[in-house]
Protein chains: 2
Amino acid sequence: MKTMAKTALLIGSVLLTAGCLADEHPRLLMTPADVRDIVEHVDESPSFVRVLTETQATVDGYFAELPDVPLPRDAGGGYTHERHKRNGISIMQTGTLFLLTGEERYAEYARDLLLAYSEMYPSLGEHPRKKEQTPGRLFWQSLNEAMWLVYAIQGYDAIYDYLDHETRAAIEGDLLRPMADFLSVGQPQTFDKIHNHGTWAVAAVGMTGYVIGDDSYVRKALYGLNGDGEAGFLRQLDLLFSPDGYYNEGPYYQRFALMPFVVFARAVELNNPELEIFRHRDGVLLKAIYACIDLSYANLFFPINDAIKDKGLATVELRYGLSIAYALTGDRTLLDVAREQGTFVLTGDAFSMARAIDAGDVEPYPYNSILFRDGTVGDRGALAVLRHGEGHEHQALVLKATAQGLGHGHFDRLSFLYYDQGDEIVYDYGAARFLNVEQKYGGHYLPENTTWAKQTVAHNTLVVDEQSHFDGSASEGEEHDPEILIFESNADLQIVGAIMNGAYDDVSFRRTQVMLDGVAADSALVVDVLTALSPNPHQYDLPLHFRGQIVAMSHQPESNARLEPLGEDNGYQHLWHRATADLDAGDSFGMTWLNDGRFYSYTTLAPVDSQAVFAEIGANDPNFNLIQGQALILRVPEADTYSFVSVLESHGEYNGTDEYTVGNYPAVTTVERYSENGADVIRLVTDSGEETLLAMSYDPDAGTEHSVTVGTREIIWSGYYRVIRTGGVAE
Amino acid sequence: MKTMAKTALLIGSVLLTAGCLADEHPRLLMTPADVRDIVEHVDESPSFVRVLTETQATVDGYFAELPDVPLPRDAGGGYTHERHKRNGISIMQTGTLFLLTGEERYAEYARDLLLAYSEMYPSLGEHPRKKEQTPGRLFWQSLNEAMWLVYAIQGYDAIYDYLDHETRAAIEGDLLRPMADFLSVGQPQTFDKIHNHGTWAVAAVGMTGYVIGDDSYVRKALYGLNGDGEAGFLRQLDLLFSPDGYYNEGPYYQRFALMPFVVFARAVELNNPELEIFRHRDGVLLKAIYACIDLSYANLFFPINDAIKDKGLATVELRYGLSIAYALTGDRTLLDVAREQGTFVLTGDAFSMARAIDAGDVEPYPYNSILFRDGTVGDRGALAVLRHGEGHEHQALVLKATAQGLGHGHFDRLSFLYYDQGDEIVYDYGAARFLNVEQKYGGHYLPENTTWAKQTVAHNTLVVDEQSHFDGSASEGEEHDPEILIFESNADLQIVGAIMNGAYDDVSFRRTQVMLDGVAADSALVVDVLTALSPNPHQYDLPLHFRGQIVAMSHQPESNARLEPLGEDNGYQHLWHRATADLDAGDSFGMTWLNDGRFYSYTTLAPVDSQAVFAEIGANDPNFNLIQGQALILRVPEADTYSFVSVLESHGEYNGTDEYTVGNYPAVTTVERYSENGADVIRLVTDSGEETLLAMSYDPDAGTEHSVTVGTREIIWSGYYRVIRTGGVAE
């Protein structure tokens, strides 16, 4: 096996260099040279000085007296949980402040807190509110314990030289070694698992090994408990990211997983430079850092799968990630993102970055259209990110054609998200969870995460017969990945196409989404064709979860005098059925809504008798756990193979401050579909009479020719698609 | 009559000075000296240069060819309406740019556009979509025509010296005089009305008189059509603002009304300085400008009555208002507000302000607790603004104890609004209207403005027997004003109390609200006692319209499996009845919610069997005109005299970015009421055992002594209230 041979070679090298660890501290994220650099040049970066001063103020306040070190009692969000979390971070902060200010009281703070933990830790059994699978001692789950150690070991490293031998012996003997042992040999099921919880564990244990000079910890961290490379950090690097740096649970967990990866890798780079860890697998760690940036809009991550929606680029994980990436690449566009973060971690890398920002070296970060392949070798579908325009207000469209994404994955194959003018317009609900809010189910995932947020109808994709994809089985979902048919991006157009087989027994579905410039006045038009392919009749629902206030509709819906849930199960029980508009075969249904001063118009064709159903989130929610929202559901009561053809246009402006409204009607007034042999021509005509034809064969083969008759014209093209701008209404 | 005598005197003086108008242009908002000052010193204000450059870019783009001057056709929001609006502003802009840049093309732009209007105007009859009461010619309503002239006359004034005699004759003879005649003698019902539409008309006509040197227009503008001072600008100044500068329709219309007042007053100041217009009525115009600032939170106006909620300090009206106020006062705290506006009008006053801001002269604007008396002589109730804390995140509470406020008034006596951390927390729906959005009922007030937004249940105040105040009759409402009982503000406490008689036949109600510092950890506590006084049994509802997500409740409510409207009429038909919690006599109902990272806890006493009803906005809304929202309604099914005693606490922080939660439980754990002879002691105990007693007699007489027994203690005090901090739980 190729991977095994490579790993074996690396094991050899680490053995050779294990004894060569420099006898200096700090040695994890900073070197003594970094410390000297900061101390000498700190005045060159006012923003770093500001963060340093703020950190001092915070720490000084916190250490007015020795912080409480309570016996473990509470689960996540509770007092002892939050207290220990903060203490762990404080150990790192005080140690770092000691290095950067030279003030001994900071070293004493760190030492006293470490000693307090050293006194308590040996007596702790398992946590009274332990999670069964992964119990901790200080915390309810060992994950938090590993995170604690990742922070605390940095503080210990920082004050190592300040401590006398006896104190070191106490801290290492009673706290650091027992904790590292507990996190490694004490729970092999986590430590050797190829999973982000495992990464936290190996990072904590490996960093501890570096600081206390015990290579056995380092070796376990890098190659797994039995040292064969089938587990451990390098194996995780090989398996947990796709070749494009995509993490298979999605960006929310990618950010979380990234932290131990980059922090530990930075320590490995310092202590085992011969491993060239940042070049490992064609530089996958750097790709993963960049991916985090590219998987965001308006500084927030695309909230696919289980995601807390307020997470974004300003998180501490990305502060570490960006500073390390900048240190490795010198890429000035990273400074653009870092400046938006508004604060810095206190490392040498971050200081270099802050200094460069303050010196005005910033260049705009280029947010581009990118396809992120999923899966270890990149063959398990992809997340497609299409972007048009520049800056904060650009348009972005995300097509989720990834693999299931383990236990945090949602049943949302080929769902999409759409952003414009800095806002989410067609959105993903994210997770049903109030993280760290104890009153809300202890801060855990809420029951509604399963009954609503994961279900297909909670997303912007096809639901067949009111059943979720794979009937809601994650293990089944892991067996079936979408296939990408096309992905292209050029100045005029961005296009992605994918097909999904296996989400339903006898229904496949294919979706092609195009962002087309030059049709509407002031935005790229989104054209969306979703085709369900089946030999048998089914009910097809296509939800559109949108933000904003409806201002106009082509059909007056029939409102229900009382509201009932839209269905019994699979998420439908959480939707109130508000109104229904009946669409006759041949109709085109249009709706305009207003969000944050911008208008959005959605036009969709109804080739058969169908319905536009209006729904609101909130039914069967006795504890007010669900967040208000609305959806338009296009419902086709019975069809076998069927295409949803829709156009979404962003237009105009409502300005309340200056009291004007422009462009409140969409430019596209006609949408038609002409179809032959499975190929389509979508005909678009604007209010000024401009005609655009979008021909699509859905056949990636560039060599095959297709033709569709549009009135008296025969449209002929080769390959997946062609855009024909006739410049006027030709007939 | 005193007012008449004064007016007569002023008429005398204007007659004397009418011939003395300087023979210079411009002469409205700027003088030739102002122009020279800007031209010579513009480089001293980069922000003014920026606005100047932006305006040039906008105007250059707009005048790439002569703008369309279409025949009037559309109502508000439509093409011809918006086009004429923009053309009027463009005439002013181009004229001003000519003065400030000296580039002749700008003068030509203004001239050509004025000539185009001169050609069209004489042929226009009434607008094809005219408003019956107040038809316009260029616009559907004459109000817009007056606004057009207020702008256009400034442009004409700016290029007056540039034009030859023949051109002036054409513009004045075919456009300015006919329009001024139409707006004055042509529609006396508006011109002589004491109303903001009248102010726009007199401003337009008066400014035209100054520029074309025709004193008859000026006289009509100042003293009404027949010149007796019973109408006209001075009369409007006497009647439309309260002595505190409060405008009786509320801040949204105050801003709108302010524009013609301040712009015309500035022109009067230049042309008839002997009128000392800004000293008129003890400087009421300056008070009105300051009031606009003080009637806002986070730069948005308190949205009481018919109000579009995105209106605030950044509007053009306040740009004029602030620059003029700064010119008159030199008050540097105004610069703080002006800086937030982000842009400037192009006048000499604004230039002085911009230069001062750029020179760093800004001082923080002091947002204070203020009582704004309503009514011409200040005897028709008041709007109370209580504030605690400083800066963007301070707490504010507004008690609406004003008079009806004419046709735009809502039926919301003693309703309140609460703000914290930059957000509205307990809110007012404002108007049901999408201004300028033609698809929404032509941009007019929606039918739901009457059926929902004006109704009492849409506000945070008492509803008796599901009937609105005054049974929804504005004329009846004008007959009954609230009475202010107390208003005090000091470092520890802000308090307001008011009583309302006449909103219901046999129910009066009194409300006292206190912001009390030093009880909760990190905010002032709001204590709210609303007492309904009646000899007969009624159903009492007290709604609380709040922003955020419920995270905990003391009582598990019973959710309805299907939603029905909460009632039949008076706004209740627009509320879905979502859930009900039954409260037993003696219970205390508590609810915590989370909004934008901050927790809010509301605790209310249930001395009798009652209910907490949960409702959502949106029933009977076939056109999706209503904006989603929720309310808690405390419902007492049957009582005569009854007190709602509630406490609202802002606390803690949820930080999603850095993943921590602090202070998610309220500090106040006990709320009790002890009552004797109509006086109350509210007993508050915090989780740390601190006890505070708030004694209230509701009797403004400082000399009367009151006493209430609390357990074994007799609490004795004089006057309306007393706060007793016992420092611990005494019993």
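Student: How many aromatic pairs are there over all chains?
Tutor: Rings of Phe, Tyr and Trp (its six-membered ring) pair if their centres lie within 6.5 Å. This is a predicted model, where local features need pLDDT of at least 70, side-chain atom pairs count only at pLDDT 80 or more, and totals for chains, interfaces and linings use all residues. Side-chain values use heavy atoms, leaving out hydrogens and water. By the pairing rule, the count over all chains is 50.

Student: Which kind of pair do Phe233(B) and Phe261(B) make?
Tutor: Planes under 30 degrees apart count as stacked, over 60 as edge-to-face and the rest as tilted. Here the centres are 5.5 Å apart and the planes sit at 35 degrees, so the pair is tilted.

Student: Is Phe233(B) buried or exposed?
Tutor: Buried means under 20% relative accessible area, exposed over 50%, and partly exposed in between (1.4 Å probe, protein chains only). Phe233(B) has 0% relative accessibility, so it counts as buried.

Student: What type of aromatic pair do Tyr253(B) and Phe256(B) form?
Tutor: Their centres are 6.4 Å apart. With 85 degrees between the planes, the pair is edge-to-face.

Student: Which ring does Arg510(B) lie over?
Tutor: A charge sits over a ring if NZ of Lys or CZ of Arg is within 6 Å of the ring centre and within 35 degrees of the ring normal. At 3.9 Å from the ring centre, Arg510(B) lies over the face of Tyr698(B).

Conventions: Residues numbered from 1 in each chain as written. Chains lettered and ligands numbered in written order.
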